[in-house]
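Me: I have just opened this model and would like a guided look at it. Could you take my questions one at a time?

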Amino acid sequence: MWRQRTLQFTRPNLIELMNSRGIIISNVIFKNSPFWNIHPVYCSNVVIHYVTILAPADSPNTDGIDPDSSSHVCIEDSYISTGDDLVAIKSGWDEYGISYGRPSHGITVRRVTGSSPFAGIAIGSETSGGVEDVLVEHISLYNMGVGIHLKTNIGRGGVIRNITISNVYIENARKGIKISGDVGDHPDEYYNPNALPVVKDVVIKNVWGQRVEQPGLIRGLKNAPFRGICLSNIHLGGAGGPRDLPWQCSHVSGGAVQVSPWPCSELTSGQKIGSCSSSF
């Protein structure tokens with residue numbers, strides 16, 4: 001019905017938990033959700049582990065696990081194969097998220113394996129309450145659109161900071177790493193175009209992969225450049241075809257060491273590498 005545009009209502013999440021604490025979701029298989037699979041919103045002290053989430057690769061908006069304006073969340077030891085982001089950390093949408101002002105923080109994601117035509121590990125694009133203090137580690141991704149995707153947009157506001165992502169394997173992907181300030185639409189026309197997001201203090205390290213068409217794309221905002229983007233020990237081999245592209249960057253500062261293919265000049269000058277020295 002949705003594909004024929006005859007559905008008269010919005011599609012629901014498979015599980016949505018609101019204003020709850022002390023949640024454990026474990027040893028469950030979720031299959032063929034009409035929308036996001038697991039959506040804890042305004043929650044704290046959440047553990048999601050040993051779950052399997054399955055949806056067809058062409059099923060729209062079937063995100064795996066989306067912690068939203070939630071704190072102290074642990075997602076681990078799970079397999080996710082869906083038609084959208086496997087894990088996406090969110091915190092509110094444009095003026096509504098800014099007004100409510102509840103960030104997502106203290107999020108840990110580890111030992112997750114999966115595949116998707118979209119992102120493996122994502123932050124955003126709804127980040128208006130802010131996202132901070134995130135640790136992602138030991139992730140294995142296959143047949144991906146984007147391996148690691150931090151995304152926001154003009155009108156979002158919010159601060160994305162203190163993000164650490166490490167020990168990620170990516171095989172067969174369009175892009176390895178993407179950090180972008182021009183992703184996602186708006187709920188209505190009332191968003192504030194002067195509400196610019198802040199992205200800073202992001203560490204991505206120990207990432208390797210093969211058959212990755214473009215190793216990285218980092219596109220900050222002219223009036224809100226991304227700062228402190230620190231990359232180290234990243235090796236993403238190309239697919240060996242005409243679609244292979246080099247790193248592309250704009251409106252970003254930070255540093256990069258032991259990264260191949262060689263990353264953008266914006267991240268490789270000596271002065272900028274020094275700004276990341278404590279992260280390497």
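Me: Where does Arg211 sit?
Reply: Arg211 belongs to strand β12 (residues 198-219). Helices (H or I, at least four residues) and strands (E, at least two) are DSSP runs, numbered from the N terminus. This is a predicted model, in which local features need pLDDT of at least 70, side-chain atom pairs count only at pLDDT 80 or more, and totals for chains, interfaces and linings use all residues. Residues are numbered from 1 along each chain as its sequence is written, and side-chain values use heavy atoms, with hydrogens and water left out.

Me: How accessible is Arg211?
Reply: Arg211 is partly exposed, its relative accessible area being 37%. Buried means under 20% relative accessible area, exposed over 50%, and partly exposed in between (1.4 Å probe, protein chains only).

Me: And what does Arg211 touch?
Reply: Setting aside residues up to four places away in sequence, Arg211 touches Glu171, Asn172, Ala173, Gly237, Gly238 and Ala239. Contact here means heavy atoms within 4.5 Å. With Glu171 there is also a polar contact, side chain to side chain, at 3.1 Å. A polar contact is a pair of N or O atoms within 3.5 Å; within protein, one must be able to donate a hydrogen and the other to accept it, and residues adjacent in sequence count only if both atoms are side-chain atoms.

Me: Changing topic: how many salt bridges are there?
Reply: Searching the whole structure gives nine salt bridges. A salt bridge is a side-chain nitrogen of Lys or Arg within 4 Å of a carboxyl oxygen of Asp or Glu.

Me: Which residue pairs with Glu76?
Reply: Glu76 has a salt bridge to Arg111, with 3.4 Å between the closest N and O atoms. Glu76 lies in strand β7 (residues 71-81) and Arg111 in strand β9 (residues 104-123), so the pair ties together parts that are 35 residues apart in sequence. Glu76 is buried at 10% relative accessible area, whereas Arg111 is partly exposed at 39%. Both belong to a network of salt bridges that links Glu76, Asp77, Arg110 and Arg111.

Me: What about Lys90 and Glu126, how far apart are N and O there?
Reply: The side chains of Lys90 and Glu126 form a salt bridge at 2.7 Å, N to O. Lys90 is in the loop between β8 (87-89) and α1 (94-100), and Glu126 is in the loop between β9 and β10 (131-151), so this pair ties together parts 36 residues apart in sequence. Lys90 is buried, at 4% relative accessibility, and Glu126 is buried as well, at 16%.

Me: Now the pockets. What is the volume of the largest pocket?
Reply: The largest pocket has a volume of about 970 Å³. On a 1 Å grid over the protein atoms alone, a pocket is an open set of points where a 1.4 Å probe fits, with protein on both sides within 12 Å along at least five of seven lines; lining residues have an atom within 4 Å of a point.

Me: Which residues lie nearest its centre?
Reply: Of the 40 residues lining the largest pocket, Phe35, Trp36, Lys90, Trp93 and Glu126 lie nearest its centre. The elements giving two or more residues to this lining are α1, β9, β10 and β11. β10 gives the most, with four residues.

Me: Last one: where is Ile98, and what is it in contact with?
Reply: Ile98 is in helix α1. Beyond neighbours within four places in sequence, Ile98 is in contact with Ser128, Gly155, Arg156, Gly157 and Ala195.

Technical notes:
Grid points are joined across faces, edges and corners, and a volume is the space filled by probe spheres set on the points.
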